[in-house]
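Dear colleague,

Please find below the structure I am handing over to you. My notes on it follow, and I should be grateful if you would read them with the structure at hand.

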Amino acid sequence: MSHSATTAGSDVPEIARVQRTALRVLVSAQILSGAGLAAGITVGALLAQDMLDSTSLSGLPSALFTAGSAVAAVAVGRLSQARGRRPGLAAGYLAGAVGSLGVIAAAALDTPILLFLALFVYGAGTATNLQARYAGADLADPAHRGRAVSTVLVATTLGGVVGPNLAAPTGSLAEGLGIPYLAGPFLLAALAYALAALVLAVWLRPDPLLLAREIGATEAVDLPEQTPSPIVKRIDKGIAAGGFVMAVTQLVMVAIMTMTPVHMLAHGHGTAAAGVVIAVHVGAMYLPSPVTGWLVDRYGRLPVAAASGMTLLAAGLLAASVPGDSVGLLAVALALLGLGWNLGLVAGTAIITDTVPLATRAKTQGTVDVSIAIAGATGGMGSGLIVAASSYPTLALAGGILALAVVPVAAFTAGRHPT
């Protein structure tokens with residue numbers, strides 16, 4: 001790929017410079033959105049448990065906003081395909097802000113139905129936060145895609161770590177405004193998502209996906225149908241492998257993460273302690289991204305994907321064996337959980353981006369993220385039922401064992417198509 005190109009008689013900006021600018025804007029938006037998505041992680045289950053007076057349904061908020069993220073993933077992907085990353089991502093974050101306000105209203109009115117609807121809309125923020133990683137790779141050199149994806153992901157760390165630790169002060173602010181304590185973090189989420197939308201709408205110019213298409217204008221729009229069958233099969237297998245890795249790691253991570261605050265409160269810990277553990281977890285989800293990106297580019301996508309399954313197994317085993325009064329060990333288990341998710345997401349994203357042609361990239365990426373969201377919704381909903389029927393250790397152990405499914409899939413795919 002050349003560092004400059006000409007389209008329609010005008011000079012296209014130098015690609016490396018545009019990529020750096022796009023990454024700066026995306027990083028700024030991700031810092032804000034990290035604080036927004038942390039609200040649902042930290043108090044979503046606790047808010048539902050309080051309003052519904054039921055542990056078995058405490059996984060419902062996670063299921064709802066991850067189900068909402070499935071719908072949003074399609075919408076953001078299709079809008080990005082048609083109009084570019086800027087309008088797609090900005091619209092997704094704006095929807096997340098609206099959902100956050102709806103959660104606050106539902107808590108104030110003590111209306112579970114409104115809470116469910118609002119959480120569904122709130123899930124758009126989660127979907128958009130994930131879709132932004134693809135925007136970081138649109139203009140990246142193929143040899144550095146892992147690092148480009150990781151740069152966008154790591155930016156979520158600051159907001160994601162700060163957000164849970166603001167659960168107590170935002171709860172106090174909410175009470176001062178006559179809003180239930182547990183709805184407080186959603187005040188932060190509404191503001192953070194709205195600002196993220198504003199940053200993207202104003203400064204993500206030129207649009208990275210649209211510019212990538214201009215540069216690759218010689219690529220046929222209907223490439224998948226015109227290419228020989230072996231190449232089409234390779235594309236399909238790459239999409240399947242990358243999607244499977246990300247879906248399984250999402251399911252396991254969401255299931256264990258969702259019930260951790262509930263487990264902690266049942267053992268006498270407060271929301272502040274739960275916020276610290278979740279902050280450690282969210283930090284581990286995103287902070288290792290630069291190293292993960294380097295590993296993916298240096299050693300390959302599939303070996304890192306296999307490592308994610310082993311790391312999630314270790315997380316499940318530790319979480320299942322931690323004494324209820326040990327916040328420190330539980331934080332270590334949740335850190336491993338976040339790291340395993342990070343390894344799977346960066347590796348899976350690189351596989352998808354390598355595989356899918358530019359002509360259909362955004363639409364396919366959105367579709368793949370639907371499977372991730374559905375997996376997360378399944379994990380969120382099932383987690384409460386498993387804990388109610390058995391225990392948190394059972395849930396953690398089952399999740400760790402399930403994550404091992406990633407290892408043979410990565411090995412089988414590597415044997416056929418080294419990546």
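**Findings in the predicted model**

Ala45 belongs to helix α1, which covers residues 15-52. The model is a predicted one. With a relative accessible area of 7%, Ala45 counts as buried, because the limit for a buried residue is under 20%. In sequence, 213 residues separate Ala45 from Thr258, yet their C-alpha atoms lie 6.7 Å apart in space.

Apart from neighbours within four places in sequence, Ser69 has contacts with Gly123, Thr126, Ala127 and Ala373.

Helix α13 spans residues 289-299, and its buried residues are Ser289, Thr292, Gly293, Val296 and Asp297. Viewed down the axis of α13, these residues fall within an arc of 130 degrees, so they line one face of the helix. What do the buried residues of α13 pack against? Their partners are α5 (145-154), α12 (271-286), α14 (301-321) and α15 (327-355). On the face turned away from the buried side, α13 carries the exposed residues Val291 and Arg298. After α13 comes Gly300, which has a positive phi, near 110 degrees.

Leu191 counts as exposed because its relative accessibility is 51%, the cut-off being over 50%.

Finally, a word on confidence. The average pLDDT of the protein is 85, and 89% of the residues score at least 70. Among its elements, helix α17 (residues 392-403) has the highest mean pLDDT, 96, while strand β1 (residues 5-7) has the lowest, 40. The pLDDT is below 50 over residues 1-12, a stretch that has 16 contacts in the model beyond near neighbours in sequence. Residues 218-227 also have a pLDDT below 50, and this stretch has 11 contacts beyond near neighbours in sequence. Where pLDDT is low, the predicted coordinates should not be read in detail.

Yours sincerely

Conventions: Residues numbered from 1 in each chain as written. Predicted model: local features only at pLDDT ≥ 70, side-chain atom pairs only at ≥ 80, totals over all residues. Heavy atoms only, no water. pLDDT = per-residue confidence, 0-100. Helix = DSSP H or I, 4+ residues; strand = E, 2+ residues; numbered from the N terminus. Contact = heavy atoms within 4.5 Å. Buried < 20%, exposed > 50% of the residue type's maximum accessible area, 1.4 Å probe, protein only. Arc of directions from axis to C-beta.
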